[in-house]
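I opened a new page for this structure.

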Amino acid sequence: MAKAIFEMVENLEDLLKEKGAEPGSSRAFIFGGCALHLHTKARGSSDLDMELEAIRSVTRDEIVMALDDVFYDDPAEGSTSLVYDLTFSPTLAPLHEDYQEDAIWLNHYEKDSPLYIYLVQKIDLAISKLGRFGDQDIEDIHTLFDHGLDIEEFRKRATEAIKYAVAPEARLTGNLNQVINLYKP
């Protein structure tokens, strides 16, 4: 699955190069199940949740074409595909104000690339899941705990992020407390 993620993002990178975009002029931040997979390999996802920033030299239609479905063989699922989620936006999810600065720069060895690709930190991925807070989100946060995310660091950073989130503070605080109280290592 990781290979499919990078193939999809490289297609966008190639388009930006064709359009003459300057090195580092655009950034992509990977969220969701794909980010969880890259951090833990615990589960996959059929869609790529990605925040695209400062992509000015191409149209939305060109982006959609560049981020066309990628087909691959999943050991558990067999032949499957990864699609770009056009509806994803991090604006409604709770996020810490430093999530972009703290993200992991994945293609740092390609400084001449017009697209710098980042993976949000485990802690910021977990915080983002407090918004929707479905069963899969709770399971994902617990998986991140199982893979080294410190619960107290998560509580502290999430509490900071909740203070300026779009969703009601009481609901997000309740989600935070619930996910921590449900966790059984």
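My entries on the helix packing and the pockets follow.

**Entry 1: the helix pair.** I noted that the model is predicted. I looked up helix H5, residues 122-132, and helix H7, residues 151-162. They pack at an angle of about 55°, and their axes are 10 Å apart. H5 and H7 are therefore oblique to each other. I recorded their crossing as right-handed.

**Entry 2: who meets whom.** I listed the H5 side as Ile123, Asp124, Ala126, Ile127 and Leu130. On the H7 side they meet Glu153, Phe154, Arg157, Ala158 and Ala161. The contact of H5 with H7 has 7 nonpolar and 3 charged residues, and no polar ones.

**Entry 3: the largest pocket.** I found about 460 Å³ of space in the largest pocket. Its lining has 22 residues. Asp49, Phe88, Ser128, Arg132 and Asp137 lie nearest the centre. Helix H2 (32-40), strand E2 (47-53), H5 and helix H6 (135-146) each give two or more residues to this lining. Which element gives the most? I found that H5 does, with 5 residues. By class, I wrote down 6 nonpolar, 8 polar and 8 charged residues for the lining of the largest pocket.

**Entry 4: the second largest pocket.** About 190 Å³ of space lies here. Its lining includes Met50, Arg60, Tyr84, Phe88 and Pro90. E2 and helix H3 (60-66) are the elements that give two or more residues to it. E2 gives the most, with 3 residues. I logged the classes in this lining as 7 nonpolar, 1 polar and 2 charged.

Key: Residues are numbered from 1 along each chain as its sequence is written. This is a predicted model: local features need pLDDT of at least 70, side-chain atom pairs count only at pLDDT 80 or more; totals for chains, interfaces and linings use all residues. Side-chain values use heavy atoms; hydrogens and water are left out. Axes are lines fitted to C-alpha atoms, for helices over the stretch in contact, and angles run from 0 to 180 degrees between N-to-C directions. Helices (H or I, at least four residues) and strands (E, at least two) are DSSP runs, numbered from the N terminus. Angles under 35 degrees count as roughly parallel, over 145 as roughly antiparallel, 65 to 115 as roughly perpendicular and the rest as oblique. A crossing is left-handed if the near helix is turned anticlockwise from the far one by less than a right angle, and right-handed if clockwise. Contact means heavy atoms within 4.5 Å. Ala, Val, Leu, Ile, Met, Phe, Trp, Tyr, Cys and Pro count as nonpolar, Asp, Glu, Lys and Arg as charged, and the others, Gly among them, as polar. On a 1 Å grid over the protein atoms alone, a cavity is a set of points where a 1.4 Å probe fits but cannot get out, and a pocket is an open set with protein on both sides within 12 Å along at least five of seven lines; lining residues have an atom within 4 Å of a point. Grid points are joined across faces, edges and corners, and a volume is the space filled by probe spheres set on the points.
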